[in-house]
Amino acid sequence: DAGVIQSPRHEVTEMGQEVTLRCKPISGHNSLFWYRQTMMRGLELLIYFNNNVPIDDSGMPEDRFSAKMPNASFSTLKIQPSEPRDSAVYFCASSGTSYGYTFGSGTRLTVV
Amino acid sequence: RKEVEQDPGPFNVPEGATVAFNCTYSNSASQSFFWYRQDCRKEPKLLMSVYSSGNEDGRFTAQLNRASQYISLLIRDSKLSDSATYLCVVNFPTLAGGYNKLIFGAGTRLAVHP
């Protein structure tokens with residue numbers, strides 16, 4: 001099993017640009033989660049999907065952030081336009097029938 | 001009040017020491033509890049689940065006190081390789097019903113030195 005796969009591993013972009021982060025969950029897992037981690041705020045849940053349907057997006061900071069899950073094997077988190085305060089590590093995690101989550105390696109985003 | 005609160009540390013201990021981490025959570029309806037470990041610049045990884053009766057995994061012991069909404073992790077005979085951040089994790093039922101989300105504490109840093 002390849003685990004949760006995220007891409008890119010690192011992203012450096014200029015303020016105002018669109019950023020798209022990608023995630024491939026573990027096959028068979030029916031829940032997918034996007035988290036953001038910063039030194040100041042720790043791990044924050046942004047949004048999560050169950051069976052490809054968004055269940056709770058209350059953690060999405062503002063309208064510049066959007067997430068999609070068009071099928072069971074792929075999800076994207078988009079930031080448009082990006083701002084320097086969006087700089088963080090973005091983790092995707094997936095979960096099957098148990099409550100434990102498996103995290104991807106994360107995308108380290110730097111907005112300059 | 002934060003949903004999941006932990007002492008941020010850092011805890012600096014010598015090899016062989018016993019160290020305890022504490023955590024409190026705000027939602028009395030929470031049913032599942034975990035400790036995750038996160039190494040520097042890596043993703044969080046599940047260390048152990050926490051059961052009502054308490055549970056042990058080698059040098060690690062987890063306890064849960066539902067009445068006080070309190071969770072603990074005890075590490076005995078600390079090793080250099082135990083140096084990491086330990087995250088207290090609690091499930092929170094959602095308004096959608098039937099679904100749960102995991103809320104992470106900010107983590108407690110542990111540094112074990114020779």
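This is a predicted model: local features need pLDDT of at least 70, side-chain atom pairs count only at pLDDT 80 or more; totals for chains, interfaces and linings use all residues.
Colleague: What does the term mean in general?

Modeller: A disulfide is a covalent bond between the sulfur atoms of two cysteines.

Colleague: Which parts of the chain does the pair A:Cys23 and A:Cys92 link?

Modeller: Distant parts: A:Cys23 is in strand β3 of chain A, and A:Cys92 is in strand β9 (residues 88–95) of chain A, 69 residues apart. The link is left-handed, with -65° about the S-S bond.

Colleague: Why is A:Cys23 called buried?

Modeller: A:Cys23 has a relative accessible area of 1%. Buried means under 20%, so A:Cys23 is buried. A:Cys92, at 0% relative accessibility, counts as buried by that cut-off.

Colleague: What makes B:Cys23 and B:Cys88 a disulfide?

Modeller: The S to S distance is 2.0 Å. That is within 2.5 Å, so a disulfide joins B:Cys23 to B:Cys88. B:Cys23 lies in strand β3 (residues 19–25) of chain B and B:Cys88 in strand β9 of chain B, so the pair ties together parts that are 65 residues apart in sequence. With -75° about the S-S bond, this link is left-handed, and both B:Cys23 and B:Cys88 are buried.

Colleague: How many disulfides are there over all chains?

Modeller: The count comes to 2.

Colleague: Is B:Cys40 buried or exposed, and how do you know?

Modeller: The relative accessible area of B:Cys40 is 69%. Exposed means over 50%, so B:Cys40 is exposed.

Colleague: Why does B:Thr85 count as buried?

Modeller: B:Thr85 has 17% relative accessibility. This is under 20%, so B:Thr85 is buried. B:Thr85 is placed in strand β9 (residues 84–93) of chain B. Leaving aside neighbours within four places in sequence, its contacts include B:Tyr36, B:Gln38 and B:Thr108.

Colleague: How do you know that β3 and β8 of chain A pair?

Modeller: Strand β3 (residues 19–24) and strand β8 (residues 74–79) of chain A are joined by 5 bridges. Pairing needs at least two bridges, so these strands pair. They run antiparallel, and A:Val19 stands opposite A:Ile79 in β8(A).

Colleague: What makes β1 and β7 of chain A edge strands?

Modeller: The open sheet has 4 strands in the order β1-β3-β8-β7 (chain A), with antiparallel pairing. β1 (5–7) and β7 (65–71) each pair on one side only. Neighbouring strands of this sheet are turned by 15° against each other on average, direction ignored.

Notes
Residues are numbered from 1 along each chain as its sequence is written. Chains are lettered from A and ligands numbered from 1 in the order in which they are written. Side-chain values use heavy atoms; hydrogens and water are left out. Axes are lines fitted to C-alpha atoms, for helices over the stretch in contact, and angles run from 0 to 180 degrees between N-to-C directions. Buried means under 20% relative accessible area, exposed over 50%, partly exposed in between (1.4 Å probe, protein chains only). Contact means heavy atoms within 4.5 Å.
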